[in-house]
Structure formats: structure tokens, C-alpha cells
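Please look over the following model with attention to the ligand and the residues around it. The briefing below is grouped by topic.

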Amino acid sequence: MPLVYIDGKYHEKEDARVSVWDHGLLYGDGIFEGIRAYNGRVFRHLEHLERLYASARSILLEMPVPIEQMREDVLTTLRKNELRDAYIRLCVTRGVGDLGLDPRKCARPSVIIIADKIKLYPAEVYERGLRLMVASTRKNAPDTLSPRIKSLNYLNNILAKIEAIQAGCAEAVMLDRNGFLTECTSENIFLVKNGVLFTPTAVVGILEGITRSVVMELGEQLGFQVQMAFLTMHDLYTADECFVTGTGAELIPVVEVAGRTIGSGHPGPIFKQLLKAFHDLTQVDGDPIYDINGPLKKAAEKVK
Ligand code: PXG
């Protein structure tokens, strides 16, 4: 344990390896997804796979298997590892090729599926909230390497993460070339002002997070207005509440940004409502991992 899927075969952790000739390693040429399973269900499974296939299209990578097959392969990997609550890391690399950027050198993309226990953020951050700093590293512009592609090229985010670590902060907020808020290094960002939820528009260049879209849905269901907008640091400093969202993080409150206290300095009431709604949803919504043979099994029992 864990058993790792690589191109149709399962390997023990120690034997799960890729070639040094893989362009995913040599050039960061590939894409990935981070997905979670809760209570025996893969949360927003299809949405994650659709984003993966959209990233593939954008980088002209022909997926070696259709989306339905990929869905089955993820579920099988979870079953093989006997997981109900898990973190799933899907990687698709350009594959093995000669040296040189030309993707035509790579005969076939490689698919890797890792399913493992999740490492949660400490409970303390959800209660006390995060402190953010503002990274000097600007977000890649949409006309360079679009942040909408979840690519194996994460150095832009890693440089900002290093700045955060050096400053003693867990996360950094990143701005675009014009100073508009984009997102953090691996979470999207939300503000609350006068009861309205705001999040940066995807036009500035962000990864359109699955958690972000769930939070927008939940916000509306709870009766809040939700707006995607061009936002600046001023909007952040003067917000009543702020929080970040992501598959790993779920929803984490932000209580300080660049030395300014946000709102009351404590996790806000709207954040708390959304977090509860999110937790409730993750327990019941998603692609079942183990019930897949349920109807067939029941039918077989009836025949007996
Ligand atoms: N922005 C960026 C740059 C991200 O990488 C998000 C926003 C949030 O998106 P989701 O769809 O998760 O709500 C991400 C997500 C990993 C890992 O293994 C990375 C992410 C998510 C899960 C795991 O590093 N990034």
C-alpha cells in the first residue's frame, strides 16, 4: 500500500516509477488533477475529469483513454487501495521521448493515478484563520501559460509559495500583471462585503477551482448574492470576511492580509455557514466507489 496505477498496471509504492525520458519530468509537459473522496464517494468526480480533459485539449495532448474509462480507473484504484476517504492525484504526462521539446517525440502519454490517505490541514487553521502575504511573483498572464490549464508547470505558484514560507505565512495571494487579485498558490480566494460573496473573475487568469464553483452554488442556495469581479487589494483589506477554497484546503478562513486585520479578525459568520454546507454536501454527494455493483449484486441475489 498504496498501489499506484501507471498505464493500466498497478505497482507497489516503491516500484511506482516514471522514466527519466518522460517529458513530464524533462519539460513539465503534462497535466494533473487533485480530487478527493469522502465517505465512499468521489466528490465532483466528473467535473475534475472534465477539467483534466480540457487541460489536455489546451496543450494538444490526446488522452489515451476516454473519460468514462478514466472514471472507472480512478474508482478501481480506490477499491484496490480499500479507500473511502482519500486524496486522488491524477497525472497525465506527454510520455517518453527523446531530448528536445517537440511533443511529437513522445509516442504515448502516460497516465498515473495515486490514491492515498489525505493529509489534512491542522484543525487550528479552520478555527483561528490564516495569515496571507502578497507575493511579488505575479500570476502567469493568460496569454503566457494560462493558469486555467492545470499543468505540471507549477513553478509560478511555487515561487510565490516560497515567498510565503520565507515571510512565515502559510499562503500568499497573487496578483495579475495589472494588480488585480487572482488566487493563492493552490487555492482560490473569496471576499464577503455587505453580505455579498465576491471572487476574482476567471478572465484575470486563475484556475477555475471545483471547490470555488461548489462554494458559489452553496452561496446562492443559502440566499447570498455571488459575484465574479475584478478585485484589488483594497477590496481585500476592506472586506468583512475572506476565505480560500481548494480540494485539499476545503474552505479556510483568512483573518490577516499583509498586516491588515480582515473584518473582525476571526472566522466570519458567512464563512461558517458555507463551511458547514460544504461539509454536509461532501458526505452525501459524489460518485460511489463501492456501490457500483450494488444493483447487479441485488439482482443476482433475487435470481437465487
Ligand atoms: N488554484 C490553484 C492554482 C490550484 O492549484 C486551486 C486553485 C483550487 O482548485 P480546486 O479545484 O481544488 O478547488 C488549485 C488546486 C496538489 C493539489 O496535490 C493541488 C490543488 C488541489 C489539490 C491538490 O498539489 N490545487
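Which helix and strands each supply at least two residues of the shell around the ligand? They are strand 5 (86-93), helix 6 (210-221) and strand 13 (241-246), where helices (H or I, at least four residues) and strands (E, at least two) are DSSP runs numbered from the N terminus. This is a predicted model, in which local features need pLDDT of at least 70 and side-chain atom pairs count only at pLDDT 80 or more, while totals for chains, interfaces and linings use all residues. Residues are numbered from 1 along each chain as its sequence is written, and side-chain values use heavy atoms, with hydrogens and water left out.

**Shell**
- Among the 19 residues around the ligand, those that come nearest are Tyr-87, Tyr-154, Glu-183, Thr-211 and Thr-247, a residue being near if one of its heavy atoms lies within 4 Å.
- Because domain 1 (3-118) and domain 2 (127-282) both give residues to this shell, the ligand lies between them, with domain bounds coming from an automatic or database domain assignment.

**Polar contacts (N or O pairs within 3.5 Å)**
- A polar side-chain atom of Tyr-154 is 2.5 Å from a ligand oxygen, and an N or O atom in the side chain of Arg-51 is 2.8 Å from an oxygen atom of the ligand.
- For Lys-150, a side-chain N or O atom lies 2.9 Å from a nitrogen atom of the ligand.

Technical notes
Polar contact = N/O pair within 3.5 Å; in protein donor to acceptor, adjacent residues only side chain to side chain.
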